[in-house]
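These are my notes from looking through one protein model. I wrote them down in the order in which I looked things up.

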Amino acid sequence: HMCFDVLALRADVSFWRTTKNFAGLSLSSMVTSFVCQIVIAAYLVDEEASALVKWPSIAWTVLTAWKIAKIMHCSVRRKWGIVPVP
C-alpha cells in the first residue's frame, strides 16, 4: 500500500508541476478537501497512529496546500529579510 501511495504522490506532483491552465478546477472543492485532510491528520497525530498511516496523510495534506497556493498564484516573499509576507 505504501508503494501505491508513493507512486500516486509522485504522479500528482508531476501533473501539478507542469499544469499551467487551471480551467475546470474548483478552488472551493480543493479547500474543502484540505480542511478534511487537516482534520484527519490531526486525529491520526492525536491518536498516536502508526507512522505508516500518519506520514502519508500528512504528505497529502501538504501537497493539497501546495495545490491551493498554486491555483491562487500565491507566493511568499521576505520583508526585511526575515518576515514572510504573502
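Which residues of helix 2 are buried? I found Met 30, Gln 37, Ala 41 and Leu 44 to be buried in helix 2. Here buried means under 20% relative accessible area, exposed means over 50%, and partly exposed lies in between, with a 1.4 Å probe and protein chains only.

**Ground rules.** I am working with a predicted model, in which local features need pLDDT of at least 70 and side-chain atom pairs count only at pLDDT 80 or more, while totals for chains, interfaces and linings use all residues. Residues are numbered from 1 along each chain as its sequence is written, and side-chain values use heavy atoms, with hydrogens and water left out.

**Overall layout.** I noted three helices and two strands in the protein chain. Helices (H or I, at least four residues) and strands (E, at least two) are DSSP runs, numbered from the N terminus. Along the sequence I read the pattern α-α-α-β-β. Of the 86 residues in the protein chain, 21% are buried. I then looked at contacts, meaning heavy atoms within 4.5 Å. Among contacts in the protein chain with a separation of 6 or more, 61% are between residues 24 or more positions apart.

**Helix 2.** I went back to helix 2 and its length. Helix 2 has 20 residues and spans 28 Å from first C-alpha to last, close to the 28 Å expected at 1.5 Å a residue. The expected span is 1.5 Å times one less than the number of residues. Why do I say that the buried residues of helix 2 line one face? Seen down the axis, they fall within an arc of 60°, so they line one face of the helix. The arc is that of the directions from the helix axis to the C-beta atoms. On the other side of helix 2 I listed Ser 28, Val 39, Tyr 43 and Asp 46 as exposed. The buried residues of helix 2 pack against helix 1 and helix 3. After helix 2 comes Glu 48, with a positive phi near 55°.

I also looked up Ser 33, which is in helix 2. Ser 33 counts as partly exposed, because its relative accessibility is 29%.

**Helix 3.** Helix 3 covers residues 51-71, which is 21 residues, and reaches 30 Å from its first C-alpha to its last, close to the 30 Å expected. I noted its buried residues, among them Leu 63, Ile 68 and Ile 71. The buried residues of helix 3 pack against helix 1 (2-18) and helix 2 (27-46). Helix 3 is followed by His 73, whose phi is positive, near 60°.

Ser 57 lies in helix 3. Is Ser 57 buried or exposed? Ser 57 counts as buried because its relative accessible area is 14%. Not counting residues up to four places away in sequence, Ser 57 touches Ile 40, Ala 41 and Leu 44.

**Aromatic rings.** How many aromatic pairs does the structure hold? I found two aromatic pairs. Rings of Phe, Tyr and Trp (its six-membered ring) pair if their centres lie within 6.5 Å; planes under 30 degrees apart count as stacked, over 60 as edge-to-face and the rest as tilted. Phe 15 and Trp 16 are edge-to-face, at 6.0 Å centre to centre and 90° between the planes. Trp 16 and Phe 22 are stacked, at 5.7 Å centre to centre and 20° between the planes. These ring pairs link Phe 15, Trp 16 and Phe 22 into a cluster.

Phe 15 is partly exposed because its relative accessibility is 45%. Trp 16 is buried at 4%, and Phe 22 is buried at 15%. Leaving out residues up to four places away in sequence, Phe 22 touches Trp 16, Lys 70, Ile 71 and His 73.

**Core.** Which residues make up the largest nonpolar core? I wrote down five: Trp 16, Phe 22, Met 30, Ile 68 and Ile 71. A nonpolar core is a set of buried Ala, Val, Leu, Ile, Met, Phe, Trp, Tyr and Cys residues joined through side-chain atoms within 4.5 Å.
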